[in-house]
Amino acid sequence: MRTYGVYVLKRFAQFILVAFIGISLTFFITHLTPIDPVDQMIAGITAMAHSSPEAVAMMRVALRELYGTGDPLLEQYFTYWQRILSADFGPSLSSFPTPVSVLIGRALPWTAGLLLTCTLVAWILGNLMGGLAGYFRNSRALKLFGVVAMGFHPIPYYIIAFVLLIVFGFLWPILPTSGGSATNIPQDFTTDFIFSVLRHSILPALSIVLVGIGGWFMGMRALVSNVVTEDYVVYAELGGVRRSRILPFYVMRNALVPQVTGLAMSLGAIFNGAIIVEYVFAYPGLGRLLISAVYAGDYGLVLGVTAISIIAVSAAVFLIDILYPVFDPRVQLS
């Protein structure tokens, strides 16, 4: 138990370090870009109504004071960390005066639900079918599934998204192609709203699952193909142990250990792909919110979304790390 406690502390320290470095890099990269969020906002305001140069100058001073963009970079950095620790990112420039935390709170459940579901579905199906294909190597159906899964794997998320958009949005319009739910249904936990959310999430989810399932399939099939030649598996088969017991308890349980590590490492890449998928389908998640904030030069919103994303992905990796000894008890002794 003491060894496991030390293991958890080490992984927690790693989680803190990764989150700190990632958030710091995001801050400095964002502030080194040539886009000035205050000038972007003023340009948008003056485009809709004529203002005198004196009024524009006063507006610029007031906005820089409000958002702190006129302060030295290091002072802005420490202020940003104070906002993160207090979960207050200030008001959004592009959606003033709505706070950044409110915008993130609206978008986060959509992305979390989509990513969590797609990641788990792709991981479970890929490992299950890959394990069966590695154990039953002469099955034609599993070979055909492998060909299809590996065919989708190298294709980028956004290519699959565009193909699905064309097929089910124009050629065979049976599924909604934009939004998270129907606009005429109140966002409440009712049967109509839940059904609408599920229908609107089918195409974005397919874009992620179809690409992700191939990698898990190939990895699990290769691992199972090696495990089935181990002595303990051969002895179990010669001893008359049923295949229905050998496959899950002798083969797949041992082959699954590296796949758990792969699940943790893939979370960041899945989020990167979901950003483009959400934008293609106008899905109201963090990805679409981030792209809109980048175009608007909204520093606060960009930093808020990236900080939440970095913390969420790092926390998910940390959680998988501390659960890893459940699958492989030898990790506690490393």
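What share of the 334 residues in the protein chain is buried? Buried residues make up 41%, where buried means under 20% relative accessible area, exposed over 50% and partly exposed in between (1.4 Å probe, protein chains only). This is a predicted model: local features need pLDDT of at least 70, side-chain atom pairs count only at pLDDT 80 or more, and totals for chains, interfaces and linings use all residues. Residues are numbered from 1 along each chain as its sequence is written, and side-chain values use heavy atoms, leaving out hydrogens and water.

View 1. Helices (H or I, at least four residues) and strands (E, at least two) are DSSP runs, numbered from the N terminus. The chain exposes about 18600 Å². Carbon and sulfur atoms supply 69% of that area. Areas come from the Shrake-Rupley method with a 1.4 Å probe; for residues, only the protein chains shown count as cover. Of the contacts (heavy atoms within 4.5 Å) between residues at least 6 apart in sequence, 74% join residues at least 24 apart.

**View 2. The largest nonpolar core, with 45 residues.** Such a core is a set of buried Ala, Val, Leu, Ile, Met, Phe, Trp, Tyr and Cys residues joined through side-chain atoms within 4.5 Å. Tyr 135, Ile 208, Val 224, Val 251 and Phe 281 touch the most other members. Helices giving two or more residues include H5 (100-135), H8 (191-227) and H10 (243-280). A second, separate core has 23 residues, among them Leu 103, Leu 289, Ile 291 and Val 302.

**View 3. Tyr 135 and its contacts.** Residues up to four places away in sequence are not counted. Tyr 135 touches Val 224, Val 228, Glu 237, Arg 243, Ile 246, Leu 247 and Val 251.

**View 4. Leu 203 in helix H8.** Leu 203 counts as buried because its relative accessibility is 0%. Neighbours within four places aside, Leu 203 is in contact with Leu 164, Phe 168, Leu 175, Pro 176, Thr 177 and Phe 281. The C-alpha atoms of Leu 203 and Ile 160 are separated by 9.5 Å. These two residues are 43 residues apart along the chain.

**View 5. Thr 111 in helix H5.** Thr 111 has 3% relative accessibility, so this residue counts as buried. Its side chain reaches the backbone nitrogen of Leu 286 at 2.6 Å.

Methods: Polar contact = N/O pair within 3.5 Å; in protein donor to acceptor, adjacent residues only side chain to side chain.
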